[in-house]
Amino acid sequence: MRKLIFFVFLAGLYGADPQPCATPETCWTLLEEGNGNWWDTKRHGLTHPNQTPERRTAVAQHQSPFAVVLTCSDSRVPPEVVFDRGVGDLFVIRVAGNLLDDFVIGSIQYAVTKYTKLIVVLGHQRCGAIEAAVAGERPPNPLGLLVKALKPAVKASRKWPGDRVENAVDANIHLVANRLEVRFKADGVLVKRKRYSLDSGQVTDPQPWKP
Ligand SMILES: [Zn+2]
């Protein structure tokens, strides 16, 4: 009987898919802390949570990621590394220029319906896709379509003072986040606008949108 109760308890535990945070804001705090471990290693140090074979087994039947991260395909911005997290923690969508299309939105829709209300839009310093858009490059399709889709960010930020590429990176973060906020308003999501520094490893806020 005791054994049975134990198994029922375990099933309940796994069925509930417990997360390490209760609200979108506290989930963001976890990511912020993890990023501190990554960039400020002298003060904090990496903890590599949930990167064991035991964790792999624990989430093999059920996942319960506590954040959606939409970021670039750039090899230097792997979310689990820059947020110091592990297996089963993040629902990650990566596409050059962290852009939206129906498949990306569909993936996010799945995650916010099932798992979490936190979406992080993570652009990054010296994004190659945005550099191409700023330079006016016209590569053959379908890459050309991708570069073209970044043009609104380039256009919107063309009069902002400072570096054109970094300004367009920030504008793109805002434009993508705005669309997600509108699209998932009814689901009560929290969309965080963030940018990643290739130089320091730090995740910060983009500059504010300038009209
Ligand atoms: Zn990029």
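**Exercise 1. Determine what share of the chain's residues count as buried, and describe the overall dimensions and surface.**

Solution. Of the 211 residues in the chain, 45% count as buried. The model is a predicted one. Next, take the extent: the C-alpha trace spans about 70 × 40 × 30 Å along its principal axes. Finally, the accessible surface of the chain amounts to about 11700 Å², and carbon and sulfur atoms contribute 57% of that area.

**Exercise 2. State how many helices and strands the chain has, and give their order.**

Solution. The count is nine helices and five strands. Along the sequence they are arranged as α-α-α-β-α-β-α-β-α-α-α-α-β-β. As for contacts with a separation of 6 or more, 69% involve residues 24 or more positions apart.

**Exercise 3. Identify which residues coordinate the zinc ion, and locate Cys72 and His124 in the chain.**

Solution. Begin with the donor atoms: SG of Cys72, NE2 of His124 and SG of Cys127 coordinate the zinc ion at 2.0 to 2.3 Å. Along the chain, these donors follow the spacing C-x51-H-x2-C. Cys72 and His124 link distant parts of the chain, being 52 residues apart. Cys72 sits in the loop between strand S1 (67-71) and helix H4 (79-82), whereas His124 belongs to strand S3 (residues 118-124).

**Exercise 4. Decide whether Cys72 and His124 are buried or exposed.**

Solution. The criterion for a buried residue is a relative accessible area under 20%. Cys72 has a relative accessible area of 5% and is therefore buried. His124 has a value of 1%, so His124 is buried.

**Exercise 5. Give the distance between the mean positions of the positive and negative charges.**

Solution. The chain carries 27 positive and 21 negative charges. Their mean positions lie 4 Å apart.

Methods: Residues are numbered from 1 along each chain as its sequence is written. This is a predicted model: local features need pLDDT of at least 70, side-chain atom pairs count only at pLDDT 80 or more; totals for chains, interfaces and linings use all residues. Side-chain values use heavy atoms; hydrogens and water are left out. Donors are N, O and S atoms within 2.8 Å of the metal (3.2 Å for Na, K and Ca); water is not among the atoms, so sites may look incomplete. Helices (H or I, at least four residues) and strands (E, at least two) are DSSP runs, numbered from the N terminus. Buried means under 20% relative accessible area, exposed over 50%, partly exposed in between (1.4 Å probe, protein chains only). Contact means heavy atoms within 4.5 Å. Accessible areas come from the Shrake-Rupley method with a 1.4 Å probe; for residues, only the protein chains shown count as cover. Lys and Arg count as positive and Asp and Glu as negative; His and the chain ends are not counted. The place of a charge is taken as NZ of Lys, CZ of Arg, CG of Asp or CD of Glu.
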